[in-house]
Amino acid sequence: MSVKKEFFKGLVDKNPVMVLGIGLCPALAVTTSVSNALWMMLATTFVLTCSNILVSLVKNIIPAHVRIPVFITIIATFVTVVEIVLKAYQPEVYTSLGIFIPLIVVNCMILGRAEEFASRNGVFMSIVDALGMGIGFGLTLTVLAFFRETLGANKLFGYTLIPGFEPAGIMTVAPGAFITLGLMLWAMNSIMTSRKKH
Amino acid sequence: MEIKIFLTILFSTIFINNYVLSQTLGICPFLGVSKKTDSAAGMGFAVIFVMTIASIITYFIYKYILLRYDIVYLRTIAFILVIASIVQLVEMAINKLSPVLYRALGIFLPLITTNCAVLGVAVLNVESGFITSEYGLLMTMVQGFGAGVGFLLALMLMSGIRERLETADIPFNLKGMPITFIIAGLLSLAFMGFAGMSF
């Protein structure tokens, strides 16, 4: 088990959104702008790292049959921390991410990593795993948000890109999110199959 | 007067603000269980059931515990634990009371704990100010029920289309998830037509 392998698996081979198909609700909902996607990545990676650390520390104390409620409580605690901190220091981010901050609790990715990785491995490896998964999740969100913000609002980080270009508003609402992610998955599948042939 | 409020909430949660297709909540079960119409219906009814009960119980928890003792910041922790317990209790109750229903819904119930639409409806009940208003309990109930019906509707539409897709000639790389997302996008585009409606 090498550090490098555990870190990069979250980015490519086991990318939560593109390969495993989990954590899709925030991926579709908050990607209306790149800055929202980056804040979501930060919040989710923070919760994931902290919960992985704590779960791997207490893994031997928790009886097996109550582990899921314990994991959920641990995750919910860190989500509350994120909620309070964002509300106090970044009220704009707090309003634009809206209910998707409390909903980090039910991001299956976090519970999945606690169950699958942190409850079976040491603290250091759990941190590496959490960072890899969190960044892999966030990068997918950022790419999706890049397409949606540039095409749907003609903006990037709030700055207008091409003056006079009429943006396709559909990209900033739900249908645009579904279709863009569908096309991204199509592109990824095409790359994978063409690689296998060679 | 009051009837109009409830009808507006019901209609808007089912069609205008459909939880799956316009608010992108509960996408994991929406994609995971929509391969067959039978299991889609089972999941949909289980979600209606749990959402309505969860709305009622989180109403009492929020109003009489969190608000009264001024510990609103514990909302996320309280709600997720309540929802997880409700799902467990509902599962045990159905198992005891109606084994037939349990066989139909049983396998879907544990999955509902991590359905973000259930926590979503509980949080939205708070955020939209329903809990502190006069008819709070009824309003939260209607919103929970409506959200569940909207979920069932989206799931049934999707599973109907996906059953047909199995015989369709789809390009190899588009099979599976990509085409499902694109169809979900087109469905959600159709639901945007309701957005202009108002009472």
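At what angle do helix α5 (residues 67-89) of chain A and helix α7 (residues 108-118) of chain A pack? Hi everyone, let's start there. This is a predicted model, where local features need pLDDT of at least 70, side-chain atom pairs count only at pLDDT 80 or more, and totals for chains, interfaces and linings use all residues. Residues are numbered from 1 along each chain as its sequence is written, while chains are lettered from A and ligands numbered from 1 in the order in which they are written.

Back to our pair. Helices here are DSSP runs of H or I with at least four residues, numbered from the N terminus. The angle is about 130°, and the axes are 10 Å apart; axes are lines fitted to C-alpha atoms over the stretch in contact, with angles from 0 to 180 degrees between N-to-C directions. So α5(A) is oblique to α7(A), since angles under 35 degrees count as roughly parallel, over 145 as roughly antiparallel, 65 to 115 as roughly perpendicular and the rest as oblique.

Who touches whom? From α5(A), Phe71(A), Ile72(A) and Ile75(A) meet Ile110(A), Leu111(A), Ala114(A) and Glu115(A) of α7(A). Contact means C-beta atoms, placed from the backbone, within 7 Å. By class, that contact has six nonpolar residues, no polar and one charged.

Now the two chains: 33 residues of chain B are in contact with 35 residues of chain A. On chain B's side, α9(B) gives the largest share, eight residues.

Finally, confidence. With pLDDT, the predictor's confidence in each residue from 0 to 100, chain A has a mean of 89, and 99% of its residues reach 70 or more.

Definitions and conventions:
Helices (H or I, at least four residues) and strands (E, at least two) are DSSP runs, numbered from the N terminus. Ala, Val, Leu, Ile, Met, Phe, Trp, Tyr, Cys and Pro count as nonpolar, Asp, Glu, Lys and Arg as charged, and the others, Gly among them, as polar.
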